[in-house]
Each structure stands twice: as structure tokens, then as C-alpha cells.
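Please look at the chain from one end to the other before reading on.

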Amino acid sequence: MTLVLGLVVLYVFRRDLFLPSLYSGLLFCVLYFSLFLLSLALVPGIVQEAWFLENLSEILVLGVPLEELGYALLFGMAWSHLYEAVRGYKIKNKTFSKVF
């Protein structure tokens, strides 16, 4: 919930960061999913042993809890452009220029 609130605040002030952060979030989600699948291959059954699936939706995507993928997407969206938002950088012609 906090990530969603943070993203809403970010997009209220910086609408220009929505699409770039969405792309970054999707890329991070793919990377996270790939590494999670590698973890499952190395340690089979880790999700059933370490996660409290009864407290989650119990929906697994190739063995990965759906909530993990949602977290990865939101985290990737929030973290990827936090620096630009805090420092006041704007995307302009695929380069960054500081806004004073």
C-alpha cells in the first residue's frame, strides 16, 4: 500500500515519469521473476516452506506468488525514478537536464 501511495504522490507532481517508470517496473519484474525461477530450480519447495501462502491469494505463476510479482512491479516503478524526482531532473530528448 505504501508503494502505491508513494507512486500516486510521485505522479501527481511528476506526470512525465509515469511511462518511464512503468517500463522500468516491467523490466525489474521480469528480472525478479527470472531470478525467482532460478531460486526455485536451485531450492525446490522453498515457496511452500518459507511463505505463508494461506495469508496470500495462493495464486502462483510458475511457482512464484502473485503478490511477489506485484511487489516487484511496484518497487521497480517507484525506485527507478526516485532520484530524478527528488533531484528535479526532467527527461528531455532522451537526456536529463536539471530544472532550476
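Helix α1 covers residues 2-13, and at 1.5 Å a residue its 12 residues should span 16 Å, which agrees with the 17 Å that separates its end C-alpha atoms. The model is a predicted one, and the values below are computed from it.

- The buried residues of α1 are Leu7, Leu10 and Tyr11, and because they cover an arc of only 90 degrees around the axis, they lie on the same side of the helix.
- The face of α1 that is turned away from the buried side carries the exposed residues Thr2, Leu5 and Phe13.
- The buried residues of α1 are covered by parts of the chain that include α2 (18-42), α4 (66-80) and α5 (82-87).

**Backbone angles in two loops**

- Most residues other than glycine have a negative phi, and it is against this background that the next two residues can be read.
- Glutamate 58, which is not a glycine, has a positive phi near 65 degrees; glutamate 58 lies in the loop between α3 (46-50) and β1 (60-61), and it is exposed, with a relative accessible area of 52%.
- Leucine 62 is not a glycine either, yet its phi is positive at about 55 degrees; leucine 62 sits in the loop between β1 and β2 (64-65), and with a relative accessible area of 64% it is exposed.

**Aromatic rings**

- How many aromatic pairs does the structure hold? There are 7 aromatic pairs, and one of them joins tyrosine 11 and phenylalanine 18 in an edge-to-face arrangement, with 5.2 Å centre to centre and 85 degrees between the planes.
- Phenylalanine 36 and tryptophan 51 form a tilted pair, with 5.5 Å centre to centre and 50 degrees between the planes.
- Because phenylalanine 36 lies in helix α2 and tryptophan 51 in the loop between α3 and β1, this pair ties together parts that are 15 residues apart in sequence.
- Phenylalanine 36 is buried, with a relative accessible area of 8%, while tryptophan 51 counts as partly exposed at 25% relative accessibility.
- Phenylalanine 36 and tryptophan 51 also belong to a cluster linked by ring pairs, which joins Phe28, Tyr32, Phe36, Trp51, Tyr71, Phe75 and Trp79.

How values were computed. Residues numbered from 1 in each chain as written. Predicted model: local features only at pLDDT ≥ 70, side-chain atom pairs only at ≥ 80, totals over all residues. Heavy atoms only, no water. Helix = DSSP H or I, 4+ residues; strand = E, 2+ residues; numbered from the N terminus. Expected span 1.5 Å × (residues − 1). Buried < 20%, exposed > 50% of the residue type's maximum accessible area, 1.4 Å probe, protein only. Arc of directions from axis to C-beta. Contact = heavy atoms within 4.5 Å. Phe/Tyr/Trp six-rings, centres within 6.5 Å; stacked < 30°, edge-to-face > 60°.
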